[in-house]
Amino acid sequence: MDRRKLRQAQAPALLRQKSPLSVGAQLGIRIGILFLLLAFILAVHWIERDAFVDNYDGEISFADVIYFTMISATTTGYGDIVPVTERARLFDALMVTPARIFFILILAGTAYSFVIKRSWEKWIMRRLQKTLEKHIVVAGYGTSGSEAVNELMARGEDPAKIVVIDQNAEALAKAERMGCIVLQADATRDETMEQVRLRQAATMIISAGRDDTSILICLTARHLCPHLPISLAVRAEDNEFPARAAGATTVINPTSFAGLLLAGSAHGAGISDYLADLASATGRVRLHERTIEKFEVGKSLAEVAIGLGVRILRGGVTIGFWEEGAKKLEEGDRIIEIIPGFAFPPCKVG
């Protein structure tokens with residue numbers, strides 16, 4: 001590992017989000033701060049002009065004040081105009097000198113990157129962490145992870161409530177451009193989970209690209225958050241059981257799902273089209289899951305479903321619409337129904 005990579009590995013990971021300001025706007029703000037500081041120093045020097053002596057003509061004009069302000073702020077001094085009172089000297093020592101240092105830091109690229117920028121990023125991270133509550137953590141931003149984020153946004157999720165963890169800088173740059181909060185870090189570490197405030201998250205999606213890595217991430221997340229809903233994608237069918245044993249609430253096998261669509265199409269193209277329609281937020285119909293309201297307790301699934309009720313989730317047991325348990329709903333039941341995709345606003349996760 002070369003020195004650059006070693007420094008990257010040692011540097012603490014920081015949460016970040018796309019700035020609402022363009023590069024030009026950020027530069028304009030910095031220049032504006034510089035001019036405000038100069039204007040403040042200029043005003044004080046003008047008010048206190050009697051505290052200065054002009055060794056050239058003995059008079060302090062406004063042009064002389066501008067001149068003295070600029071050479072003081074840029075560390076250049078010729079001795080032609082000097083502060084002579086104690087108050088003027090203290091002002092130059094306590095205000096102009098720190099301002100001069102600030103000018104150097106904000107204008108020098110290296111100093112800005114390693115001092116101001118790092119402090120700014122840490123402040124931004126603390127600010128972002130305070131807002132993270134009921135958010136969605138996505139570990140892995142490959143093909144499946146990015147599609148999951150796109151679908152979440154299509155369903156109405158605020159990208160500022162989606163935190164993407166990945167070690168690939170290019171992948172994170174894409175997620176950041178979409179408005180997501182991103183963290184370049186190893187998702188198998190407890191520290192990473194603490195940084196994204198996993199305990200306060202609404203749900204977690206894991207698609208690391210490798211089944212063993214995804215399962216290890218799930219183990220890390222589960223021991224920190226015993227009750228967090230976790231959806232995990234695996235490629236090999238043999239790894240579905242280990243994924244569930246690791247604590248995954250839902251295990252998705254993209255290959256198996258593709259096989260279901262292919263098998264469905266063999267019995268009619270309409271079946272596979274309908275399955276894809278149900279899975280997408282942009283389809284004519286979609287699946288909707290919700291917890292029943294108190295006034296719905298005791299009624300049948302058919303009576304309370306907004307659309308077409310198809311399943312009840314009751315204490316880890318699934319009940320079909322045709323079964324006896326569907327005739328009387330119980331408190332805490334969650335129901336799955338098919339509703340028109342255009343008739344209701346997208347549902348939120350959690």
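Tutor: A helix is a DSSP run of H or I with at least four residues and a strand a run of E with at least two, numbered from the N terminus. This model is predicted: local features need pLDDT of at least 70, side-chain atom pairs count only at pLDDT 80 or more, and totals for chains, interfaces and linings use all residues. Residues are numbered from 1 along each chain as its sequence is written, and side-chain values use heavy atoms, leaving out hydrogens and water.

Student: What follows just after helix 6?

Tutor: G156 does, with a positive phi of about 105°. Helix 6 itself, residues 143-154, has twelve residues, so it meets the requirement of at least four.

Student: How do you know which residues of helix 6 lie on the same side?

Tutor: In helix 6, G145, S146, V149 and L152 are buried (under 20% relative accessible area, 1.4 Å probe, protein chains only). They cover an arc of only 120° around the axis, taken from the directions to the C-beta atoms, and therefore share one side of helix 6. These buried residues pack against strand 4, strand 5 and strand 7.

Student: What makes up the largest nonpolar core?

Tutor: This core has 31 residues, with M193, L198, M204 and I206 having the most contacts inside it. The name applies because a nonpolar core is a set of buried Ala, Val, Leu, Ile, Met, Phe, Trp, Tyr and Cys residues joined through side-chain atoms within 4.5 Å. Helix 9 gives the most to this core, with five residues.

Student: Which residues does a second, separate core include?

Tutor: That core has 13 residues, among them V138, L152, A175 and I205.

Notes
Buried < 20%, exposed > 50% of the residue type's maximum accessible area, 1.4 Å probe, protein only. Expected span 1.5 Å × (residues − 1). Contact = heavy atoms within 4.5 Å.
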